[in-house]
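Biologist: Could you show me how to read some features of a structure? I am new to this.

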Amino acid sequence: MAKKRRPQTKAAGPRVANGEIPVVGAREPCPCGSGRRYKACHGREAAHAVTELVQRPFEGLPGECDWVALRELVPAATVELTLAEGLPEGVPSVTLATVLPMAWPALRRDNGTVLLGLQNDTPSGDISRDLADTLRRALTAEPGTPVAAERAPGDGPRLQDLLDPKGTFSPTLHEGFEFWLEDAANATGEVAASLERANAAAIPTARLTGVEAAYWCETPEKNHLRWVMSHPEEKLLDALARLHAAGASSLGENTRLVGSFRAHGLTVPVWDLPRGMSAEDTEKPAVDLAGRLVEALASDAPLTPEQRRARGGLTNRQVTLS
């Protein structure tokens with residue numbers, strides 16, 4: 001039996017010849033005038049834009065590895081951002097923060113400065129586009145107000161469009177979250193409570209100075225070094241396996257490479273460190289390891305059986321965070 005064709009729904013109005021198609025309810029007629037419901041017409045494109053995952057959302061930004069670290073590893077840090085078109089009138093500065101009070105996506109202070117939160121849940125698969133949308137709205141928000149989360153347009157700008165590609169990205173790490181407020185000592189109410197909870201949960205963390213995007217942290221049982229690297233994953237795992245099989249992948253006595261995780265398209269090797277090994281103690285071993293890693297990355301020789309076993313162990317202990 002031939003399948004009956006559904007009758008076309010009468011168009012709700014004239015077709016939109018040019019310009020953006022406004023967002024309407026999923027079951028409402030599409031504003032483009034096609035006669036189909038929005039969810040089956042232009043809403044399908046919008047839904048795809050919302051759900052499609054961008055594997056490396058920070059690619060092309062200065063300091064991509066540090067963006068990933070601040071998103072996933074670092075509790076309290078700030079970075080002053082440089083906008084491609086300069087600061088708007090009335091906005092003295094724009095600062096990226098790992099997290100903001102009450103988990104606000106952004107905040108415009110009374111003095112006009114803008115704080116942009118990095119560690120918030122985002123509504124689409126493109127963190128860069130979501131953050132760019134929040135930043136644009138924060139730049140025009142009323143001073144003294146937080147910026148609410150909203151769904152970003154699927155064709156809106158990304159951070160790569162708004163930030164100066166020649167700008168620097170130099171994180172400043174903090175012991176706590178007092179940077180939230182201009183007068184943190186006199187905080188009251190929910191903000192004060194949020195500040196106290198955040199400070200209590202913050203893990204002591206430091207960024208090494210001798211290598212890029214390597215972050216030491218202190219935990220009750222042992223310390224760790226988590227190092228965000230931009231090398232292609234397969235090449236990096238081969239190089240780490242070569243070092244591991246040769247007994248050259250550690251950072252010194254009682255340290256060991258324990259595995260890695262993926263975050264936003266990059267690989268993050270992790271080392272266990274003794275409880276008493278400080279960030280300062282880790283600096284020279286990390287620089288030395290970076291030199292050995294360069295040599296291992298340059299090798300194109302097939303992996304030996306021992307190196308393949310080492311690689312398998314690293315791969316089996318790999319976790320994906322994004």
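Modeller: Contact means heavy atoms within 4.5 Å. Helices (H or I, at least four residues) and strands (E, at least two) are DSSP runs, numbered from the N terminus. This is a predicted model, where local features need pLDDT of at least 70 and side-chain atom pairs count only at pLDDT 80 or more, while totals for chains, interfaces and linings use all residues. Residues are numbered from 1 along each chain as its sequence is written, and side-chain values use heavy atoms, with hydrogens and water left out.

Biologist: Which residues of α6 meet α7?

Modeller: In α6 they are K235, L236, A239, L240, R242 and L243, and they meet L289, R292, L293, A296 and L297 in α7.

Biologist: What does "buried" tell me about D66?

Modeller: Buried means under 20% relative accessible area, exposed over 50%, and partly exposed in between (1.4 Å probe, protein chains only). D66, in helix α2 (residues 64-72), has a relative accessible area of 3%, so D66 is buried. Leaving aside neighbours within four places in sequence, D66 is in contact with F169, P171, R207, A213 and Y215.

Biologist: And where does C217 sit?

Modeller: C217 belongs to strand β8 (residues 214-218). With a relative accessible area of 2%, C217 is buried too. P204 lies 13 residues from C217 in sequence, yet their C-alpha atoms are 5.6 Å apart in space. Beyond neighbours within four places in sequence, the contacts of C217 include P204, N223 and R226.
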